Amino acid sequence: MEALDLHCQLILEQYRESQSVLQQMKEDVLRCLREALDHSGLIVTTLEARVKTEQSLAGKLALKGGKYATLEDITDLVGARVVTFYTDDVDRIASMAEQLFEIDWTNSVDKRRLHQLDSFGYNSLHYICRMPGYDFRFELQLRTTLQHAWAAINHDTGYKSGIEIPHEYMRRMNRLAGMLEMADDEFSRIRTELADYRRRVQKLVRNGKLDDVLLDGDTFRSYLQADPLRKLNKRIAAINQAEIQEAPLTRYLRVLKELQCNTLGDVDRLIKRYEDDAYLLARHQLGNTDLDILSSAIGLQNICIVCILSTGGGKIGLERLFEALNGHNSQNGALAELTYNQARNLPFMQHDN
Amino acid sequence: MTTTIQEDGNQLIATLAGRLDTAAAVATAEAVKPLLEAQGKEIILDCSGLEYISSSGLRIFLSIRKEAAAHGSKVIVRSINADIRQVFMMTGFISLFEIQ
């Protein structure tokens, strides 16, 4: 590297003397961003910051030292970066940064908007910010994971080394940038449409139009929010004045599908049809015990058992149920046998001959 | 009722033997305390020597599960006998634990 002139050496000396301030500013910027992100509930893939190294600063001064009158004129001594999943979140975090910091609009640049209609390449939002209480400014880079991957690979392949990039290589990198831009937009669209879908489903569930809602993980969760098994669980708990512990019911999704439930309406009818028999099974099992703790899955578990047995599914059907709940293991057969024997004299078993 | 805990790599194996009834619950709850502090480990409750479990015992299993979930650990209940299997089924606890 070329020897620095006196002016640049003075800036470098000022940099060394400012190390502790720059380190403190870096920590404060990180803390500030972290708190704001936590508060907003936004999920990001990366939140990081660094103080420019002396070597990097010396390189910058060697190239364009005359541009800077003092150390304060250099705006990226501290750099922070937030990487998001979605393009929409870049804008949300930008607006968050505008509330947190004083933005130097003259020096900030939205690289996403710099491209011509027919060009693609580095995409990122760069804000030059000032943190209250500090004389130095810092650079905040906001980008998506895909933009970050492109930038990192582009950097790795020599972009910053000063070597002229061969046209063919540049063209291929830019083609990728265009493709990733499309992928980013599509991810954002999918998120928005999924949120719309969930809102529509919740409205249909609220309005009781359960036959219009296909059964899937999302819709099942929405349906369970109305606590449709509460009454049955309370009846079962009353047998031994038991307490009920919350249990996840997501494992039952697969079981319900195997029981031919295609819509939430099918699930609702299944519950209504078998809840009395499910209670009878629980009373038969628990009545002679002093077990006074139950999982909230007990109601749905017994409904599934009763449905399988009353439709002739027998021990094999029960074993499949336990496989769906427990995964494949050697205990499932024994559990099916046991359950079958417990239920064999109950009224709903008359179909299983 | 006896409870012993062994560490094996990323696993904490608690071997429970005897009758886990109300009388044994206090001592057992004390004995399993190291499991409640396990961070990110797989907790195996080896029940091959467990003859009986009451509601008090189920509450201990539940507290292990709750703490494990809070610490990013996983609980596996292993080798339960037919009577205990029946208790797990009747109470809906088979939906709370992975049983092997």
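From the N terminus on, chain B runs β-β-α-α-β-α-β-α-β, where helices (H or I, at least four residues) and strands (E, at least two) are DSSP runs numbered from the N terminus. This is a predicted model, in which local features need pLDDT of at least 70, side-chain atom pairs count only at pLDDT 80 or more, and totals for chains, interfaces and linings use all residues. Residues are numbered from 1 along each chain as its sequence is written, and chains are lettered from A and ligands numbered from 1 in the order in which they are written.

Q: How many helices and strands does the secondary structure of chain B come to?
A: Chain B has four helices and five strands. For chain A the secondary structure comes to 13 helices and eight strands.

Q: Why is Leu309(A) called buried?
A: A residue is buried if 20 or more other C-beta atoms, placed from the backbone, lie within 10 Å of its own, exposed if 12 or fewer, and partly exposed in between. Leu309(A) has 25 such atoms within 10 Å and is therefore buried. Leu309(A) is found in helix α11 (residues 298–310) of chain A.

Q: What makes Gln241(A) exposed?
A: Gln241(A) has 8 other C-beta atoms within 10 Å, so it counts as exposed. This residue is in the loop between α8 and β7 (243–245) of chain A, and has a positive phi of about 50° although it is not a glycine.

Q: Why is Ser79(B) called partly exposed?
A: Ser79(B) has 17 other C-beta atoms within 10 Å, and is therefore partly exposed. Ser79(B) lies in the loop between β4 (74–78) and α4 of chain B; its phi is positive, about 60°, although it is not a glycine.

Q: What makes α8(A) roughly parallel to α10(A)?
A: The axes of α8 (residues 230–239) and α10 (residues 264–286) of chain A come within 9 Å and cross at roughly 20°. Axes are lines fitted to C-alpha atoms, for helices over the stretch in contact, with angles from 0 to 180 degrees between N-to-C directions. Angles under 35 degrees count as roughly parallel, over 145 as roughly antiparallel, 65 to 115 as roughly perpendicular and the rest as oblique. α8(A) is therefore roughly parallel to α10(A).

Q: Which residues of α8(A) make the contact with α10(A)?
A: On α8(A) they are Leu232(A), Arg235(A), Ile236(A) and Ile239(A), where contact requires C-beta atoms, placed from the backbone, within 7 Å. Their partners on α10(A) include Glu275(A), Ala278(A) and Tyr279(A).

Q: What is the largest nonpolar core, and what makes a set of residues a core?
A: A nonpolar core is a set of buried Ala, Val, Leu, Ile, Met, Phe, Trp, Tyr and Cys residues joined through C-beta atoms within 7 Å. The largest has 78 residues, and those with the most contacts inside it are Cys304(A), Ile305(A), Ile43(B) and Leu45(B). Apart from it lies another core, of 30 residues, among them Ala97(A) and Phe138(A).

Q: How many residues of chain B are in contact with chain A?
A: 19 residues of chain B are in contact with 23 residues of chain A. α4(B) gives the most to that side of chain B, with seven residues.

Conventions:
Contact = placed C-beta atoms within 7 Å.
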